[in-house]
Amino acid sequence: MEAVELKLSEVLIDNEKFRFDSEFVSKDYLAVKNILLSNNYKYLSKLHKFNARYKQPIYDDNSNIKVLNSQYIRDYFLDYESAKLGYGAIVPKEAVMINSTGVGTLGRVNINYLSENISVDNHVNIIVAKEINPYYLTMFLKSHYGQSQINRYYSGSSGQIEIYAKDFNNFLVAIFSNNFQLEIENLVKTSYQKLGDSKNLYKEAENLLLKELDLVDFTPSDENISIKSFKDSFMQTGRLDSEYYQAKYDELIDHIKKANFDKLDNIVNIKKSIEPGSEAYQDSGIPFIRVSNVTKFGISDTDIYLSRNILKEEELQKLYPTKDTILLSKDGTVGIAYKIKNETEMITSGALLHLSIKKDDVLPEYLTLVLNSLIVQLQAQRDAGGSIIQHWKPSEIQEILIPIIDISVQKQIEEKIKKSFLLKEESKQLLDLAKKAVEIAIEKDENEAIKIINEEII
């Protein structure tokens, strides 16, 4: 058993809540604190002109402002595309955003690098910096020395945890020269420039697909009246809900059928994963990936793990997604597809299906793009709509129609997507380098950190 002996006066410093639990005065945190105190430092309260959460926004599809909740503040990017529309206070450019609630999302930090106006919900803390470079502050909070303090101050049970805005004021922040902070800013900006280039290439691939299918100018009908006979409706689909028969779905299907197409069930093998239940969650072991961890651009790190003893080794091996497996979400946020790049040991939740291609005339990058496109998203909306928590039945997923274009065009699309993901990986590496440099500056000095930056960039 580990024990820490402290004077009462030491425990009461920065302890407005009068916490005496072992986590609050853990050896790990005390080691972090001592290292920070040995550097030039300031309290975060002296380094910002705004530190608070906004009021809960109003969601409204008629707005042109995206509202990012804690799910969309990712480790390496802001998932602007997936966020819903609504009205709320605008986040200032270059403000630091911190997920302040939720198991698996608390502690994610990013800076508002977007050119578009965005708002956030009341689970995200906004810090507007003064007297410190906001890019450097972002990377400090992402570093071990920022995350340790976030982990120290959060409170609540395993089901609902949060950190309050006032607690950030007690954070110790290592202060370095303006030149070093500018080095970190340049790394972060270059990272997000590469991320922008990556998204532009992905958009080019999407446009190439739509052009090939003559869908560039396709606008789904907003007609909400559709007349169907019983024979042409329920007898074919087993559905009586009116939303299923909206004109826009018929228009899309008619368009797909003008070209070569096939049912998804004929193109892929579909395998289900498992749902072990929250009682099986651990702090270490095999990474457990849920829908909230997956976007069409990648998989974010998880804080949830499963024991290797949960199943026999041969059964575990069958659950690991293999190279080129496409993950497809069927519950919650349905229709998210992501292709696994390399063999990896992880287990996905039962809400993520594993698709493996069994036809030679369909490339995995192409199919993933189609699954994420309007072509399949509208089919998913048709099948899974009408309920608060969306559920897309595997039997419905098997029946979705996939256009199959000339293999030469598929290869062009594949090339653009591969370059897109290569740039995204380079963007991620630059952010990791920026975080590593901040940690080296704290543990050694900023000259050593700049040396590492120069060596790794070359």
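Modeller: Helix α2 (residues 27-37) and helix α4 (residues 144-153) pack with their axes 10 Å apart, at an angle of about 130 degrees. This is a predicted model, in which local features need pLDDT of at least 70, side-chain atom pairs count only at pLDDT 80 or more, and totals for chains, interfaces and linings use all residues. Residues are numbered from 1 along each chain as its sequence is written, and side-chain values use heavy atoms, with hydrogens and water left out.

Colleague: Why are α2 and α4 called oblique to each other?

Modeller: Angles run from 0 to 180 degrees between N-to-C directions, and axes are lines fitted to C-alpha atoms, for helices over the stretch in contact. Angles under 35 degrees count as roughly parallel, over 145 as roughly antiparallel, 65 to 115 as roughly perpendicular and the rest as oblique. The angle here is about 130 degrees, and α2 and α4 are therefore oblique. The crossing of α2 past α4 is left-handed (the near helix is turned anticlockwise from the far one by less than a right angle; clockwise would be right-handed).

Colleague: Which residues of α2 and α4 meet?

Modeller: Contact means heavy atoms within 4.5 Å. From α2, Tyr 29, Val 32, Ile 35 and Leu 36 meet His 144, Tyr 145, Ser 148, Gln 149 and Arg 152 of α4. By class, this contact has 5 nonpolar, 3 polar and 1 charged residues (Ala, Val, Leu, Ile, Met, Phe, Trp, Tyr, Cys and Pro count as nonpolar, Asp, Glu, Lys and Arg as charged, and the others, Gly among them, as polar).

Colleague: What makes α14 and α15 roughly antiparallel rather than oblique?

Modeller: Helix α14 (residues 407-443) and helix α15 (residues 446-457) pack at about 155 degrees, with axes 7 Å apart. That angle lies in the roughly antiparallel class, and the pair is therefore described in that way. The crossing of α14 past α15 is right-handed. In the contact there are 8 nonpolar, no polar and 4 charged residues.

Colleague: How do you know that strand β19 is covered on both faces?

Modeller: Buried means under 20% relative accessible area, exposed over 50%, and partly exposed in between, with a 1.4 Å probe and protein chains only. In β19 (residues 326-329), Ile 326 and Leu 328 on one side and Leu 327 and Ser 329 on the other are all buried. In a regular strand the side chains alternate between the two faces of the sheet.

Colleague: What makes β20 and β22 pairing partners of β19?

Modeller: Two strands pair if DSSP finds at least two bridges between them. β19 and β20 (residues 337-339) pair in the antiparallel sense over 3 bridges, and 4 bridges join β19 to β22 (residues 352-357), also antiparallel. Leu 328 has Ala 337 as its bridge partner in β20 and Leu 353 in β22.

Colleague: Which strands are the edges of this sheet?

Modeller: The open sheet of 4 strands has the order β14-β22-β19-β20, with antiparallel pairing. Its edge strands are β14 (268-271) and β20, each of which pairs on one side only. From one strand to the next, the twist averages 25 degrees. Helix α11 (residues 364-372) packs on the sheet and touches β14, β19, β20 and β22.

Colleague: Why is helix α12 described as largely enclosed?

Modeller: Of the 11 residues of α12 (residues 374-384), 8 are buried, so the helix is largely enclosed by the rest of the structure. Among these buried residues are Ile 375, Val 376, Arg 382 and Asp 383. They pack against α6 (178-212), α8 (247-256), α11, α13 (394-398) and β23 (401-403).

Colleague: Is Pro 321 buried or exposed?

Modeller: Its relative accessible area is 2%, so Pro 321 is buried. Pro 321 is placed in the loop between α10 (313-319) and β19. Leaving aside neighbours within four places in sequence, its contacts are Leu 327, Ile 340, Thr 344, Met 346 and His 354.

Colleague: What makes the phi of Glu 94 worth a remark?

Modeller: Most residues other than glycine have a negative phi. Glu 94 has a positive phi of about 65 degrees although it is not a glycine. At 32% relative accessibility, Glu 94 counts as partly exposed. Asp 324 also has a positive phi, near 75 degrees, and with a relative accessible area of 28% it is partly exposed.

Terms used
Helices (H or I, at least four residues) and strands (E, at least two) are DSSP runs, numbered from the N terminus.
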